[in-house]
Amino acid sequence: MSRLRLISGLYALALLGAAALNYVPGLTDAQGRAFGIFALDIYDDSLHLASALWAGIAALLSARAARNFLFYFGILYFSDGLLGLVTGAGYLDLGIVNYGIVDLPLGFKILANLPHLFLGGVAIVSSYLFAREAP
(Lines give C-alpha, C1' and ligand atoms only; values in the text may rest on other atoms or scores of the structure.)
Protein backbone atom coordinates (compact mmCIF):
# COMPACT_ATOMS: atom_id res chain seq x y z
CA MET A 1 0.00 0.00 0.00
CA SER A 2 1.33 3.45 -0.89
CA ARG A 3 1.95 6.11 1.73
CA LEU A 4 -0.72 8.28 0.13
CA ARG A 5 -3.32 5.55 0.54
CA LEU A 6 -2.20 4.89 4.11
CA ILE A 7 -2.40 8.58 5.02
CA SER A 8 -5.82 8.86 3.39
CA GLY A 9 -6.98 5.84 5.42
CA LEU A 10 -5.68 7.46 8.61
CA TYR A 11 -7.61 10.60 7.73
CA ALA A 12 -10.75 8.48 7.37
CA LEU A 13 -10.25 7.16 10.90
CA ALA A 14 -9.44 10.60 12.34
CA LEU A 15 -12.51 12.14 10.72
CA LEU A 16 -14.74 9.34 11.99
CA GLY A 17 -13.32 10.06 15.44
CA ALA A 18 -14.14 13.75 15.04
CA ALA A 19 -17.71 12.87 14.05
CA ALA A 20 -18.03 10.68 17.16
CA LEU A 21 -16.83 13.31 19.66
CA ASN A 22 -20.34 14.48 20.58
CA TYR A 23 -21.46 10.94 21.30
CA VAL A 24 -18.71 9.78 23.65
CA PRO A 25 -19.74 10.35 27.28
CA GLY A 26 -17.41 12.64 29.21
CA LEU A 27 -15.88 14.42 26.21
CA THR A 28 -18.40 17.27 26.16
CA ASP A 29 -19.10 19.87 28.83
CA ALA A 30 -22.47 21.19 30.02
CA GLN A 31 -22.67 23.51 27.00
CA GLY A 32 -22.08 20.63 24.59
CA ARG A 33 -18.52 21.66 23.72
CA ALA A 34 -16.05 18.86 23.04
CA PHE A 35 -12.99 19.33 25.27
CA GLY A 36 -14.56 22.64 26.35
CA ILE A 37 -13.63 24.21 22.99
CA PHE A 38 -15.56 22.81 20.02
CA ALA A 39 -19.30 23.26 19.79
CA LEU A 40 -19.97 20.57 17.20
CA ASP A 41 -23.43 20.33 15.64
CA ILE A 42 -25.18 18.31 12.94
CA TYR A 43 -23.42 20.34 10.22
CA ASP A 44 -20.02 19.47 11.71
CA ASP A 45 -20.91 15.82 12.18
CA SER A 46 -22.18 15.59 8.58
CA LEU A 47 -19.05 17.32 7.28
CA HIS A 48 -16.76 14.98 9.21
CA LEU A 49 -18.69 11.87 8.11
CA ALA A 50 -18.71 12.95 4.45
CA SER A 51 -15.00 13.74 4.62
CA ALA A 52 -14.27 10.38 6.27
CA LEU A 53 -16.21 8.60 3.53
CA TRP A 54 -14.30 10.55 0.86
CA ALA A 55 -10.96 9.70 2.52
CA GLY A 56 -11.85 6.03 2.93
CA ILE A 57 -13.02 5.60 -0.65
CA ALA A 58 -9.90 7.39 -1.94
CA ALA A 59 -7.68 5.13 0.16
CA LEU A 60 -9.37 2.04 -1.25
CA LEU A 61 -9.32 3.18 -4.88
CA SER A 62 -5.76 4.20 -5.68
CA ALA A 63 -2.74 6.32 -4.80
CA ARG A 64 -3.91 8.92 -7.31
CA ALA A 65 -7.36 9.11 -5.70
CA ALA A 66 -5.71 9.39 -2.27
CA ARG A 67 -3.43 12.19 -3.51
CA ASN A 68 -6.41 14.05 -4.96
CA PHE A 69 -8.29 13.63 -1.70
CA LEU A 70 -5.35 14.90 0.36
CA PHE A 71 -4.79 17.90 -1.89
CA TYR A 72 -8.41 19.06 -2.20
CA PHE A 73 -9.36 18.16 1.37
CA GLY A 74 -6.25 20.00 2.56
CA ILE A 75 -7.11 23.15 0.63
CA LEU A 76 -10.71 23.10 1.87
CA TYR A 77 -9.91 22.44 5.53
CA PHE A 78 -6.85 24.70 5.75
CA SER A 79 -8.69 27.65 4.20
CA ASP A 80 -11.63 26.99 6.53
CA GLY A 81 -9.22 27.19 9.47
CA LEU A 82 -7.73 30.45 8.16
CA LEU A 83 -11.19 31.97 7.80
CA GLY A 84 -11.99 30.82 11.32
CA LEU A 85 -8.87 32.55 12.63
CA VAL A 86 -9.84 35.81 10.96
CA THR A 87 -13.62 35.83 11.47
CA GLY A 88 -14.27 33.35 14.26
CA ALA A 89 -16.41 31.20 11.94
CA GLY A 90 -15.58 28.84 9.08
CA TYR A 91 -17.43 28.16 5.86
CA LEU A 92 -17.47 24.36 5.68
CA ASP A 93 -20.06 24.06 8.43
CA LEU A 94 -21.84 27.22 7.20
CA GLY A 95 -20.73 29.03 10.38
CA ILE A 96 -19.85 32.24 8.56
CA VAL A 97 -23.29 32.18 6.89
CA ASN A 98 -25.22 31.33 10.06
CA TYR A 99 -23.31 33.49 12.57
CA GLY A 100 -21.30 36.01 10.57
CA ILE A 101 -18.14 37.44 12.08
CA VAL A 102 -17.85 36.31 15.69
CA ASP A 103 -15.83 38.31 18.21
CA LEU A 104 -13.82 35.69 20.10
CA PRO A 105 -10.48 35.89 21.92
CA LEU A 106 -7.52 35.11 19.65
CA GLY A 107 -6.36 32.21 21.85
CA PHE A 108 -9.77 30.59 21.56
CA LYS A 109 -9.82 31.08 17.79
CA ILE A 110 -6.42 29.42 17.53
CA LEU A 111 -7.51 26.41 19.60
CA ALA A 112 -10.82 26.09 17.78
CA ASN A 113 -9.24 26.23 14.32
CA LEU A 114 -6.06 24.29 15.01
CA PRO A 115 -7.51 20.91 13.95
CA HIS A 116 -8.49 22.22 10.50
CA LEU A 117 -5.21 24.09 10.07
CA PHE A 118 -3.18 21.06 11.14
CA LEU A 119 -5.13 18.41 9.23
CA GLY A 120 -5.42 20.60 6.16
CA GLY A 121 -1.76 21.56 6.21
CA VAL A 122 -0.51 18.00 6.68
CA ALA A 123 -2.81 16.82 3.88
CA ILE A 124 -1.48 19.43 1.44
CA VAL A 125 2.15 18.71 2.33
CA SER A 126 1.56 14.94 2.06
CA SER A 127 -0.01 15.34 -1.37
CA TYR A 128 3.21 17.00 -2.56
CA LEU A 129 5.76 14.94 -0.63
CA PHE A 130 4.48 11.64 -1.95
CA ALA A 131 3.21 12.82 -5.35
CA ARG A 132 5.49 10.38 -7.19
CA GLU A 133 3.47 7.47 -5.81
CA ALA A 134 0.44 8.67 -7.80
CA PRO A 135 1.07 8.45 -11.56
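Colleague: Which residues form one aromatic cluster with Y11?

Modeller: W54, F69, F73 and Y77 form that aromatic cluster with Y11. This is a predicted model, in which local features need pLDDT of at least 70, side-chain atom pairs count only at pLDDT 80 or more, and totals for chains, interfaces and linings use all residues. Residues are numbered from 1 along each chain as its sequence is written, and side-chain values use heavy atoms, with hydrogens and water left out.

Colleague: Why is the pair Y11 and F69 called edge-to-face?

Modeller: Rings of Phe, Tyr and Trp (its six-membered ring) pair if their centres lie within 6.5 Å; planes under 30 degrees apart count as stacked, over 60 as edge-to-face and the rest as tilted. The centres of Y11 and F69 are 6.2 Å apart and the planes stand at 75 degrees, so the pair is edge-to-face. By this rule there are 7 aromatic pairs.

Colleague: Are Y11 and F69 buried or exposed?

Modeller: Both Y11 and F69 are buried (under 20% relative accessible area, with a 1.4 Å probe and protein chains only).

Colleague: What makes R67 count as lying over the face of Y128?

Modeller: The rule asks for NZ of Lys or CZ of Arg within 6 Å of the ring centre and within 35 degrees of the ring normal. R67 lies over the face of Y128, at 5.7 Å from the ring centre.

Colleague: How do you know that D80 has no salt bridge?

Modeller: A salt bridge needs a side-chain nitrogen of Lys or Arg within 4 Å of a carboxyl oxygen of Asp or Glu. For buried D80, the nearest side chain of opposite charge, K109, is 14 Å away.

Methods: Buried means under 20% relative accessible area, exposed over 50%, partly exposed in between (1.4 Å probe, protein chains only). Lys and Arg count as positive and Asp and Glu as negative; His and the chain ends are not counted.
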